[in-house]
Amino acid sequence: MVSINQCIASLTRLSLSTPARPVNATIPRFLAPSVVQTRCKSAGTVAMRAREREKDKMKKKRRQQKHKEYKYAAPSQEEQYSLCDAMRYLRAAEVGRPPSSVTYELALRIRTPKNSPVLRSRIRLPYPIKSDTRVAVICKEGSGAMQDARAGGAVAFGEESLFELIKSNHGKLPFNRLICHVDSEPALKKANLGRILGPKGLMPSLKTNTITKSVKTLMHEMVGAEHYRERTGSIRMPIGNIQFSPKMLSENVKALVGAVKENIFRMENKVKKDLVEVVLTSTTGPGFSLNGGFNPTDDKIQPEHLSTAM
């Protein structure tokens, strides 16, 4: 039988012995968190991600470049026609309509960046289409500009009297063109007529070249002149009556195309624009892309045949 002293000595040895360390439990790899499985990024992975970022940048840049220009930036792939051939088909499409109500229209398609300065001006065609231009002149009472306006056939002229006429008859104005002498520009601004004249496109301004020092010269340019303006990469303007001969229409087309090219050249320092296509159409007819030629391809058709009534 063990004595008390032996039991005490055995307990003392156990308390003085070094405790055993617990064994680490092994964790399966698929259950180990990312903190345990620390891996260093290799140089290949960093390079791959950099290449992916560059590709995304290039794709975004191409998408932006694709929608930076209007849809007219590229010429159509349709067949092109000479002027006489286009006139022949358009006259056939307008058979049965009153000749006085049918006009040729020219569409100039321009390659231009979006949100860029637009082409706008006026041109006096060799063979005018309209003859109902009614001009009013804002000028000082009794001045030399008022005498020039009266001699040039202006339907209305003056300052306060003309302002009152505009305010009282803004629904039915007796004129369709309005110009202003430079000396009357402060009075025009003070009259606050922008809400009446602006929506009608009659508000004189330096941008539209309707504020002038010489009323006589500007009135001569306006009578028979046509205004054109670039809208969404295209300029559309009536170019002749259906009763015009091919020679008359050709002169008008050359004049308009030449004026637009000159306008593009003057804006070359601000923005780059290119004339890519010229399309001739009519009031209800289709559009025909012109190739710059004049004579018809059919030997049986002569330009004189397109000068007679339909």
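Q: How much space lies in the largest pocket?
A: About 760 Å³. Keep in mind that this is a predicted model.

Q: Which residues lie nearest the centre of that pocket?
A: Arg120, His227, Tyr228, Arg229 and Arg231. They belong to a lining of 32 residues.

Q: And how does the lining divide into nonpolar, polar and charged?
A: The lining of the largest pocket has 10 nonpolar, 13 polar and 9 charged residues.

Q: Which elements each supply at least two residues of it?
A: Strands do: β2, β3 (120-124), β6 (177-181), β8 (225-229), β9 (234-241) and β10 (274-282) each supply at least two residues of the lining.

Q: Step back a bit. How many helices and strands are there in the chain?
A: The protein chain has 9 helices and 11 strands. It runs to 310 residues, and 33% of them are buried.

Q: Salt bridges next. How many does the structure hold?
A: The count is 10. In general, side chains of opposite charge can pair when their charged atoms come close.

Q: Start with Glu105. What does Glu105 form a salt bridge with?
A: Its partner is Arg236, with the closest N and O atoms 2.8 Å apart. Because Glu105 sits in strand β2 and Arg236 in strand β9, the pair ties together parts that are 131 residues apart in sequence.

Q: Is Glu105 buried or partly exposed?
A: Glu105 counts as partly exposed, because its relative accessibility is 23% and buried means under 20%.

Q: Which side chain meets Arg109 in a salt bridge?
A: That of Glu277, at 3.2 Å from N to O. This pair also links distant parts of the chain, with Glu277 in strand β10 and Arg109 in strand β2, 168 residues apart.

Q: Why does Glu277 count as buried?
A: Because its relative accessibility is 4%. Arg109 is at 24%, so Arg109 counts as partly exposed.

Q: What about Lys273, what does it form a salt bridge with?
A: Lys273 pairs with Glu230, the closest N and O atoms being 3.1 Å apart. Here the two ends are in loops: Lys273 between α9 and β10, Glu230 between β8 and β9, 43 residues apart.

Q: Are Lys273 and Glu230 buried or exposed?
A: Both Lys273 and Glu230 are buried.

Q: Which residues are linked in a network of salt bridges?
A: Arg111, Lys272 and Asp274.

Q: Now the core. Which residues in the largest nonpolar core touch the most other members?
A: Leu106, Ile239, Leu256, Val260 and Leu280, out of 32 residues in that core. The elements giving two or more residues to this core are α3, β2, β9, α9, β10 and β11 (288-290).

Q: Which of them gives the most?
A: α9 does, with 7 residues.

Q: I'm looking at Ile239. What does Ile239 touch?
A: Leaving out residues up to four places away in sequence, Ile239 touches Tyr104, Glu105, Leu106, Leu125, Ile129, Phe244, Leu249, Asn252, Val253, Leu256 and Leu280. Glu105 is the residue that bridges to Arg236.

Q: What does the second, separate core include?
A: That core has 16 residues, including Phe163, Phe175, Cys180 and Leu193.

Q: Back to α3. Which residues in α3 are buried?
A: Leu83, Cys84, Asp85, Ala86, Met87, Leu90 and Arg91. What covers the buried residues of α3 includes β1 (80-81), β2, α9, β10 and β11.

Q: Where does Arg97 lie?
A: Arg97 is in the loop between α3 (83-93) and β2 (103-111). With 33% relative accessibility, Arg97 counts as partly exposed. Its C-alpha atom is separated by 9.8 Å from that of Thr284, which is 187 residues away along the chain.

Q: Last one: where is the place of Lys261?
A: Lys261 is in helix α9 (residues 246-266). At 48% relative accessibility, Lys261 counts as partly exposed. The C-alpha atoms of Lys261 and Leu275 are separated by 7.4 Å, and the two residues are 14 apart along the chain.

Technical notes. Residues numbered from 1 in each chain as written. Predicted model: local features only at pLDDT ≥ 70, side-chain atom pairs only at ≥ 80, totals over all residues. Heavy atoms only, no water. Helix = DSSP H or I, 4+ residues; strand = E, 2+ residues; numbered from the N terminus. Buried < 20%, exposed > 50% of the residue type's maximum accessible area, 1.4 Å probe, protein only. 1 Å grid on protein atoms, 1.4 Å probe; cavity = no way out; pocket = protein on both sides within 12 Å on 5 of 7 lines; lining within 4 Å. Points joined across faces, edges and corners; volume = space filled by probe spheres on them. Nonpolar A, V, L, I, M, F, W, Y, C, P; charged D, E, K, R; others polar. Salt bridge = Lys/Arg side-chain N within 4 Å of Asp/Glu carboxyl O. Core = buried A, V, L, I, M, F, W, Y, C linked by side-chain atoms within 4.5 Å. Contact = heavy atoms within 4.5 Å.
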